[in-house]
Amino acid sequence: MNIIIAAYSNLNCNSGLHVFHLANKLVERGHDCVVFVPGGKSLTLNNGESKFITKDFKDIESIEPLFSDQAQPDLIHVWTPREVVRRFVEDVLLKKFKCPYVVHLEDNEEYIFNNNYSANVSKNIETDFPLH
């Protein structure tokens, strides 16, 4: 399976460590994995060998093919619903590739929303957030 992971940051942060190991495990299981990050391709330091390819968001138009079999992605894994990732996925990846995607909710997004707003997320989900 050809998998794109779109991350909200380069891989030298806590979430980047998770992305790094997830992508490596996917490759170890026989998948081809490309991780896109905004603003730089740096990897998490001292975490071992990277078995996947890392690309900057802005490189999407200049890198064909992405995968070793020269096929399109089978899946896009969106690492959190943060705006920078949502825009990249919605404005670029989903227009370029016709494949399913999943959104990784790293934190308890519903709990965070409900504690920061005076309404329940389940009541506002259809009006406050675009359904994808």
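Student: Why is Phe52 called buried?

Tutor: Its relative accessibility is 7%. Buried means under 20% relative accessible area, exposed over 50% and partly exposed in between, with a 1.4 Å probe and protein chains only. Phe52 therefore counts as buried. The model is predicted, so local features need pLDDT of at least 70 and side-chain atom pairs count only at pLDDT 80 or more, while totals for chains, interfaces and linings use all residues. Residues are numbered from 1 along each chain as its sequence is written, and side-chain values use heavy atoms, with hydrogens and water left out.

Student: What makes Phe57 and Phe88 a stacked pair?

Tutor: Rings of Phe, Tyr and Trp (its six-membered ring) pair if their centres lie within 6.5 Å; planes under 30 degrees apart count as stacked, over 60 as edge-to-face and the rest as tilted. For Phe57 and Phe88 the centres are 3.8 Å apart and the planes 5° apart, which is stacked.

Student: Why does this pair tie together separate parts of the sequence?

Tutor: Phe57 lies in the loop between β3 and β4 and Phe88 in helix α2, so the parts joined are 31 residues apart in sequence. Helices (H or I, at least four residues) and strands (E, at least two) are DSSP runs, numbered from the N terminus.

Student: How do you know that Phe88 is buried or exposed?

Tutor: Its relative accessible area is 6%, so Phe88 is buried. Phe57, at 12%, is buried.

Student: Why is strand β4 described as largely enclosed?

Tutor: In β4 (residues 75–79), 5 of the 5 residues are buried, so the rest of the structure largely encloses the strand.
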